[in-house]
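Biologist: Hey, could you walk me through this one? I'd like to look at it piece by piece.
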Amino acid sequence: FNKLLRHRAIDNIKMNRNGPILLFVFDKRKVEIDLAFPSTKGGKLEQDQVVSFSGNIEKGKETYWTSRILLMSIEDSLGGRNLPIILKFIEGALTMLDSWKWKDRRVQQKIPYPLMQDDNIEVTAYLGPNVTMVQHGASGQSYVYKEYCYHLRERSSVLLSLIEIEQSDKRKPPSSGLLTQLGSPYADWKVYVGPFGISVLCYPMLEGSSYKPSVAGWAQILGMVRKMHEIDYVHGDLLPRNVLFGAHSNGYLIDFDLSRKIGASYVSGYNNEDFTEYRHRDARAGHKMRKEHDIHSLREMS
């Protein structure tokens, strides 16, 4: 930990608290943002040592560990457009942090997408850290925008990682080949490039319930799984919450984030323990994905 982070003394900023702070560096060419944690005067934290202001102030300077989380050029037009987006994101994150002060819960904040509302798009709800519901004004149709963002967990030309995620562990939107294979309504699902190169899956909202099954709906779901297996894909996450039964006895598969080709490994964070009644015993983190795992889950669900 001491080797990963820079150690620096900063003029006394009179924060009157021991929490992390954001450091901003602006000039005509670039913007840098560092995440800074209070440290000790010596720059290292021993096992039982507690950071306090009396222990980290020396000669009017406070001592911090710092890790750069963003470095972006603003010399070109792209940087100029990105800067207000970044500041809006930080403003929202800080507002959320302040409202949850002293509460014991994790805080997660995303760069919103779509970035701006216009006459044709209205944001109707933000659901969790990566899903946005929008309504298109011209048609009145509701759409889901699902972001696959790993800010601070992967390197890019703009954002620097704090904890780098393995590429094999990243959730990914379904491939165009898989969507084409599944046919309607999935052929209308599109993947766009969102802020800072993240993938954004957009699709018309599917109306229905996961807990009002029908025989005809199950038949359609079984057919979709068969189509996936025909091109050597495993869904990998077949649970009641990931099937949907709509009007006219339609059935749908949803949430393809963990879908992979047969023989790929389940991601390191794959949750078997909480869903043992539906998961195959060999469907575990690091194990190979197999068609029979999907079939087992479908049998248990039905």
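Predicted model: local features only at pLDDT ≥ 70, side-chain atom pairs only at ≥ 80, totals over all residues.

Biologist: Got it. Which residue does glutamate 273 form a salt bridge with?
Modeller: Its partner is arginine 284, and the closest N and O atoms are 3.9 Å apart. Both residues lie in the loop between strand 14 and helix 5, so the pair ties together parts that are 11 residues apart in sequence. Arginine 284 is partly exposed, at 34% relative accessibility.

Biologist: Why would two side chains pair up like that?
Modeller: In general, side chains of opposite charge can pair when their charged atoms come close.

Biologist: OK, and how many salt bridges does the structure hold?
Modeller: There are six salt bridges in the structure. Another one joins aspartate 232 to lysine 291, with 4.0 Å between the closest N and O atoms. Aspartate 232 sits in the loop between helix 4 and strand 11, while lysine 291 is in helix 5, so this pair ties together parts that are 59 residues apart in sequence.

Biologist: Which residue does aspartate 237 meet in a salt bridge?
Modeller: That would be arginine 279, at 3.0 Å from N to O. Aspartate 237 is in the loop between strand 11 and strand 12, and arginine 279 is in the loop between strand 14 (260-261) and helix 5, so the pair ties together parts that are 42 residues apart in sequence.

Biologist: And how accessible are they?
Modeller: Aspartate 237 comes out at 6% relative accessibility, so it counts as buried. Arginine 279 is buried too, with a relative accessible area of 6%.

Biologist: Which residues are linked in a network of salt bridges?
Modeller: Lys146, Asp255 and Asp257 are linked that way.

Biologist: Switching topic: where is histidine 235?
Modeller: Look in the loop between strand 11 (233-234) and strand 12 (243-245). Histidine 235 is buried, with a relative accessible area of 0%.

Biologist: What lies by its side chain, then?
Modeller: A polar atom of the histidine 235 side chain lies 3.1 Å from the backbone nitrogen of aspartate 237.

Biologist: Which residues is histidine 235 in contact with, leaving aside its neighbours within four places in sequence?
Modeller: The list includes Met228, Leu253, Ile254, Phe256 and Asp294. Asp255 is in contact with histidine 235 as well, and you've already seen Asp255 in the salt-bridge network.

Biologist: Which residues of helix 5 are buried?
Modeller: In helix 5 (residues 291-301), the buried ones are His293, Asp294, His296, Ser297, Leu298 and Met301. They pack against helix 4, strand 11 and strand 12.

Biologist: Speaking of helix 4, what's up with glycine 217?
Modeller: Glycine 217 is in helix 4 (residues 215-230). At 0% relative accessibility, it counts as buried. Its C-alpha atom is separated by 7.9 Å from that of glycine 246, which is 29 residues apart from it along the chain. Leaving aside neighbours within four places in sequence, glycine 217 contacts Phe245, Ser249, Asn250 and Gly251.

Biologist: Now the strands. Which way do strand 8 and strand 10 run?
Modeller: Strand 8 (residues 142-148) and strand 10 (residues 199-204) run antiparallel, joined by six bridges. Valine 144 stands opposite tyrosine 203 of strand 10. Strand 10 also pairs with strand 9 (residues 190-193) in the antiparallel sense, over four bridges. There, tyrosine 192 stands opposite valine 200 in strand 10.

Biologist: Last one: which residues form a nonpolar patch on the surface?
Modeller: Phe24, Phe26 and Leu87 do, with about 270 Å² of accessible area together. Phenylalanine 26 is in strand 2 (residues 21-26), and at 46% relative accessibility it counts as partly exposed.

Key: Residues numbered from 1 in each chain as written. Heavy atoms only, no water. Helix = DSSP H or I, 4+ residues; strand = E, 2+ residues; numbered from the N terminus. Buried < 20%, exposed > 50% of the residue type's maximum accessible area, 1.4 Å probe, protein only. Contact = heavy atoms within 4.5 Å. Polar contact = N/O pair within 3.5 Å; in protein donor to acceptor, adjacent residues only side chain to side chain. Pairing = 2+ DSSP bridges. Patch = residues over 30% accessible without salt bridge, like charges linked within 9 Å, V, L, I, M, F, W, Y side chains within 5 Å. Areas by Shrake-Rupley, 256 points an atom, 1.4 Å probe, with all protein chains shown as cover. Salt bridge = Lys/Arg side-chain N within 4 Å of Asp/Glu carboxyl O.
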